[in-house]
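Q: Could you walk me through this structure, one feature at a time? I would like the general idea first and the case at hand after it.

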Amino acid sequence: MSDIVTAVGTPNIALIKYWGKRDEKLILPTNSSVSMTLDEQLNTKTSVLFSNRLKEDRVYINGELQNTRGTEVGERLVCLDILRRIAKDKRHALVVSENSFPTGSGFASSASGLATLVYAASKGLGLRLSGKEMSIVARRGSGSACRSLMGGMVRWRKGVKADGSDSYAEQITKPDHWPELMNVVGILSASKKKFSSRAGMRQTERTSILYRSRMAYVEDAASRLTAALKKRDFQTLGEITMRDSNNMHSVMLDTWPPLFYMNDNSKEVIYKVHELNESEGKIIAAYTFDAGPNPHILTLRRNVNKVTRLLDEVDAVQKVLKLSMGNGPRILDRSESLIDERSLKPFKN
Ligand code: 2P0
C-alpha cells in the first residue's frame, strides 16, 4: 500500500512582525509575533513519500528538482530530520510541492511550504503530534511557518528557554471568532525579492540602530493586539497593525546597507488608506506589508468594496485578492497525490 500523504496549507500574514532571531540555528525570534492564517485561495499542496528506494531526500517545488546541498532549501529540510528522529524512521523522503502563487516574492511561500510539509510528513511517518509540537518542528524550517500550522489568529510566543521548547505557535482566536475580518491583497509585482528574509533580518540585527527601540515596544504591542482581537476591536487592531508594519519597514531602511521591500506603489497605497480612513472618520482599512511590495489591507467584510475600489485606482495593481480567515492545513484525498510512485517523480501535468 502506498504511504503517500498529501496535504494543503496556506500562508499567513503577520500583523505584528517577526524580524530578527535570538538563535539562528534553532530559529528563535527576538520578539513574539501575531498573524492571520489565510484561506486556500493562496495555497501550497504537498505530497510526501518516505521510501527505502530513495538514497537521499528529493524535493521538487513547482516541478523543479531543488539543489539541497549547501542551499537554503537544504537547510530547511532539517524539519524532516527532526520528524524522522521522533519517529525513529531512517527512510528518505520524496517531496513534491506546488504553490498556487509565486515563490520567494513576499507571499510567505516558506511559511506555507514548510507548514504543509511538516503536516504531511508527520502523518506520513505515522506520528500523532499536536499543533504545538508540529509548530516547533516547522519553526526550525522557517520561523513564520510555525504560525501556519493553525487556523484563525495565531501568536508565536518568542519564549525564553535556550532549547526553544517554549517558542511555539498558539491559536488566539478560532476562524469563526471574527469571520467578518478580511485581508484584501493588491498584487503589484510577482518578481523575486532581492534579499531573502533570512539574510535581510540577519543584516538588520547586526547593523540597525533603530532595532533596539523596536524591541522595546513590540512585545507590548503583541499583547495589546491579542486583546483587541479577542474583543473584535477593529480600531485598535488597525492602528497597531499599520504602525507595526511601518516600524518593521523603518528598521529595514535603517539596516546597513539599507533594505527596501516596499516601492513607490506601496507608498501610494499607504497614503490612500490614510485618506480613506480620514474621510470615514475612523479606521476602516489597515495596511500591512511583508518583505515585499504588495499591500495586504485588513478590513471588515462590509468595507471590502471600498478597499477594492481604492486598490483599483492604483495603476500598478495587477490583481486584487479578497482573502478571509483560513482553517490551517488539512490532509487531502489520495486521489490528489502529486507523486508518481512508480517513477518516484512528480506526475506530469
Ligand atoms: C513575518 N517575515 O512575521 C515576517 C514579516 C517577513 C516580514 O517571517 O529565516 O521566511 O526562515 O525564519 O520566516 C519572513 O521570514 O524567515 C517573515 P526564516 P521567514 O511574517
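A: Gladly, and let's begin with a term: a polar contact is a pair of N or O atoms within 3.5 Å; within protein, one must be able to donate a hydrogen and the other to accept it, and residues adjacent in sequence count only if both atoms are side-chain atoms. Here, a polar side-chain atom of Lys-21 lies 2.7 Å from an oxygen atom of the ligand. For Arg-147, a side-chain N or O atom is 2.8 Å from a ligand oxygen, and Arg-198 places a polar side-chain atom 2.8 Å from an oxygen atom of the ligand. The ligand exposes 470 Å² when taken alone, and the protein buries 94% of that (accessible areas by the Shrake-Rupley method with a 1.4 Å probe; for residues, only the protein chains shown count as cover).

Q: What should I keep in mind about the model itself?
A: This is a predicted model, in which local features need pLDDT of at least 70 and side-chain atom pairs count only at pLDDT 80 or more, while totals for chains, interfaces and linings use all residues. Residues are numbered from 1 along each chain as its sequence is written, and side-chain values use heavy atoms, with hydrogens and water left out.

Q: How many residues surround the ligand, and which are the closest?
A: A residue is near a molecule or strand if one of its heavy atoms lies within 4 Å of it. The ligand is surrounded by 18 residues, the closest being Tyr-18, Lys-21, Gly-143, Ser-144 and Arg-147. Helix α5 (residues 197-207) gives the most to this shell, with 3 residues; helices (H or I, at least four residues) and strands (E, at least two) are DSSP runs, numbered from the N terminus.

Q: Where does the ligand lie relative to the domains?
A: Domain bounds come from an automatic or database domain assignment. Domain 1 (4-173 + 328-346) and domain 2 (181-323) both give residues to the shell, so the ligand lies between them.

Q: How do I read the sheets?
A: Strands of a sheet pair through backbone hydrogen bonds, either parallel or antiparallel.

Q: Which backbone angles deserve a look?
A: Most residues other than glycine have a negative phi, and most peptide bonds are trans. The peptide bond from Trp-256 to Pro-257 is cis, with omega near -10 degrees. Pro-257 sits in the loop between α7 (234-253) and α8 (264-280). Asn-62 has a positive phi, near 45 degrees.
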